[in-house]
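Please consult the sequence and the coordinates alongside the points below.

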Amino acid sequence: MFLSTIVLGFINSIILALVALGFNLTFGISGVANFAYGGLYVFAGLTAWIFINIVKLPYIVSILLSIAATSLFGALIYRFILQRVRGIELSEVIATFGIGLAVLELFRYLGFYGFEYTLPVMFEGSINLFVVTVSIQRVMIVIIGIALAGGIWFFTHHTKIGLAFRGIAQDEYTALTLGIDSDFIATLSVAFGSTIAAISAVAIFPLGTISIEQGYVVLINALAVSIVGGLGSTGGLIIAAFIIGYLQTFTSAYIDTQWVMFVPPLIILAVLALKPSGLFGKQKELEERV
Amino acid sequence: MAKRKERIDRGIKVRSDDIFALSSWREMLYLSSPRVLPIVIILFLAIFLSPYWQRVLLSVAVFGILSLSWDMLNQTGMISLGQSLFFGIGAYFAGTMNHYFGWHPFLTIPFAMIAGGLFCTVILMPLVRLRGIYFSMTTLILPIFFERLIEAARIFGGTEGLTGLQSLPYSWLELYLPLLFLLIVLFGFRRFMASDYGLVLKGIHDNDQSVKSSGININIYKAFVLFMASAVGCFAGAFITHVYLFVGMPVFALDYSILPIASSVVGGVGTFAGPVLGAFILVPLSEILRQFGGLRIVFYGMFLVIFIVALPDGIFPYIQRKYQQFERWVEVK
């Protein structure tokens, strides 16, 4: 029981980290709020479903198409909406929240929910991990999660565009003087964040059905992980994902499944009361939080 | 020849800004009509509308109150994405007091305002140290948290909710109480923000660090605003509980969070009159769109985006500008 909880908690934590990575890349690292994140996540899942089941494309092609479509959608959101209100916090939050809401509720209105809306797994089968049998899909999620986290760390620390991402968050005007086109970089950052949302969607949705509610849950989980870990810190994000993930798994194993929902808000409140900048937040510690 | 639009205050506006307002009826009418006209229109609507549209007017008032509460928070630099927290907490305070202790609605509504306001303030206090987006993130989560709490802990009726609550003693109160409260809050908030205390709040919105460096403890100010806004929001919830005679998990629904924001954005953020105007536009519109069911929320979302991008000032500041200024094209030299 205990050992299996450890293994499942590990997988759950990686799922949380995976979901939060995209949000953290756009908001934490480049400073562009993207409250449409949940909408993009469900959008990716449902476009993949449409490509597979209605257009009848092969699995790999549909997934790649859906990831591309989601990234493009993210870029379009920035180019046509966010760019006009950039820098006005209120407008950024409300505009992206409105887009996310419209996307999610439009899918709900069109009837895209129910048991038939499932994505196929990447590989069938399951393997034995120490004490529990885990499906290969979950193992794949762990691999993708670790690869993405490492990839993002490398990207934001050792590539020109990645450094520009961090540059525009730290000081947009200084970044401009160094020849960084902040609008272009911000477009890229929203697009990349959407790419990660899409990747996590096609990796995670096969574990259950595609539901509209997942859009809201994902946004909340991503927010919780980012706030607890401290924005802008990929390491903090991973640790926060593990804290929340293990607490959730232990709650569902030893108390009751329905209390899992309470873990993120309670941790957020506790962290905010004790250390408002998050556990590992360094960036903008003074500026963003009073 | 390049031209630009020049805006100049109307003469009557300049005259009526000071003591000369008393010089003629025209100036006094100019000053008083924007204040008196809404009251007259609201009373007129309340009296002459059909019973169905009177119910719509009731929800206009409720959403107007929630929008005012949202705008109050916004003017102090706190963007809330969870107005349904206040609405729900107020509803549950009133509902439980009435259901378990049999309190009269005249007792439960003020109690829900004060106790609910204090409750929300205490919950949100850890968050006032956060700015802008960070505050919004957490307020987005809280209503969902309480909804799940009631579901999981099976308290206060759980998923079933509490039914059979007492209604207001006179049926005419169901319409006039929220309208009266809306007007009181509208004019009260406007006057409040014009006071010195309101000036500090505006300062917090514009630059909290410089307010802090003036030796003002902004947390106390923010806590007070939180209390005021949440008490007003709780009134809306407590009142609706005694109209629907029911309190349950739907009081934390997304509608109560998103519609106040949408009305404020459409009407004009930061004016108080704008959010009320927005509620008067959006709530009847959503009533007309009722046949589309869930598509309503999609429309709200689109409205938010379109107004934020294309008309960020909102409708009210536009009307205000036309009322106070005239425009003309001048040549750029």
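In this predicted model, helix α3(B) meets helix α10(B) through B:Val62, B:Ile65, B:Leu66, B:Leu68, B:Ser69, B:Met72 and B:Leu73. On the α10(B) side, the residues are B:Val225, B:Met228, B:Ala229, B:Val232, B:Gly233, B:Phe235, B:Ala236, B:Phe239 and B:Ile240. By class, this contact comprises 14 nonpolar residues, two polar residues and no charged residues.

**Geometry of α3(B) and α10(B)**

- Helix α3 of chain B covers residues 51–75, and helix α10 of chain B covers residues 218–244.
- Their axes come within 9 Å and cross at roughly 165°.
- Angles over 145 degrees count as roughly antiparallel, and α3(B) and α10(B) are therefore roughly antiparallel to each other.
- The crossing of α3(B) and α10(B) is left-handed.

**Chain B as a whole**

- Chain B contains 14 helices and four strands.
- The radius of gyration of chain B is 21 Å, close to the 20 Å given by the globule rule for 333 residues, so chain B is as compact as a globular protein of that length.
- The C-alpha trace of chain B spans about 70 × 55 × 40 Å along its principal axes.
- Of the 333 residues in chain B, 45% count as buried.
- Considering contacts in chain B between residues at least 6 apart in sequence, 78% join residues at least 24 apart.

**The side of chain B that touches chain A**

- Contact between the chains involves 38 residues of chain B and 35 residues of chain A.
- Three helices of chain B, namely α6 (132–153), α11 (255–267) and α13 (295–310), each supply at least two residues of the side that touches chain A.
- The most is given by α6(B), with 13 residues.
- The side of chain B that touches chain A divides into 27 nonpolar, seven polar and four charged residues.

**Packing of α2(A) and α4(A)**

- In chain A, the axes of helix α2 (residues 37–53) and helix α4 (residues 89–109) come within 7 Å.
- These axes cross at roughly 35°, and the crossing of α2(A) and α4(A) is left-handed.
- From α2(A), the residues A:Tyr37, A:Gly38, A:Gly39, A:Val42, A:Phe43 and A:Leu46 meet A:Ile99, A:Gly100, A:Val103, A:Leu104 and A:Phe107 of α4(A).

- A:Gly45 lies in helix α2 of chain A.
- The criterion for a buried residue is 20 or more other C-beta atoms within 10 Å; A:Gly45 has 30 and is therefore buried.
- Not counting residues up to four places away in sequence, A:Gly45 touches A:Leu119, A:Ala201, A:Val202, A:Phe205 and A:Ile210.
- A:Gly45 and A:Ser211 are 166 residues apart in sequence, while their C-alpha atoms are 9.3 Å apart in space.

- A:Leu272 belongs to helix α11 (residues 263–274) of chain A.
- With 23 other C-beta atoms within 10 Å, A:Leu272 is also buried.
- Neighbours within four places in sequence aside, A:Leu272 is in contact with B:Pro126, B:Leu127 and B:Leu130.
- Within chain A, the C-alpha atoms of A:Leu272 and A:Val228 are separated by 7.9 Å, although the two residues are 44 apart along the chain.

Notes:
Residues are numbered from 1 along each chain as its sequence is written. Chains are lettered from A and ligands numbered from 1 in the order in which they are written. This is a predicted model: local features need pLDDT of at least 70, side-chain atom pairs count only at pLDDT 80 or more; totals for chains, interfaces and linings use all residues. Two residues are in contact if their C-beta atoms, placed from the backbone, lie within 7 Å. Ala, Val, Leu, Ile, Met, Phe, Trp, Tyr, Cys and Pro count as nonpolar, Asp, Glu, Lys and Arg as charged, and the others, Gly among them, as polar. Axes are lines fitted to C-alpha atoms, for helices over the stretch in contact, and angles run from 0 to 180 degrees between N-to-C directions. Angles under 35 degrees count as roughly parallel, over 145 as roughly antiparallel, 65 to 115 as roughly perpendicular and the rest as oblique. A crossing is left-handed if the near helix is turned anticlockwise from the far one by less than a right angle, and right-handed if clockwise. The radius of gyration is taken over C-alpha atoms; the globule rule is 2.2 Å times the number of residues to the power 0.38. A residue is buried if 20 or more other C-beta atoms lie within 10 Å of its own, exposed if 12 or fewer, and partly exposed in between; C-beta atoms are placed from the backbone.
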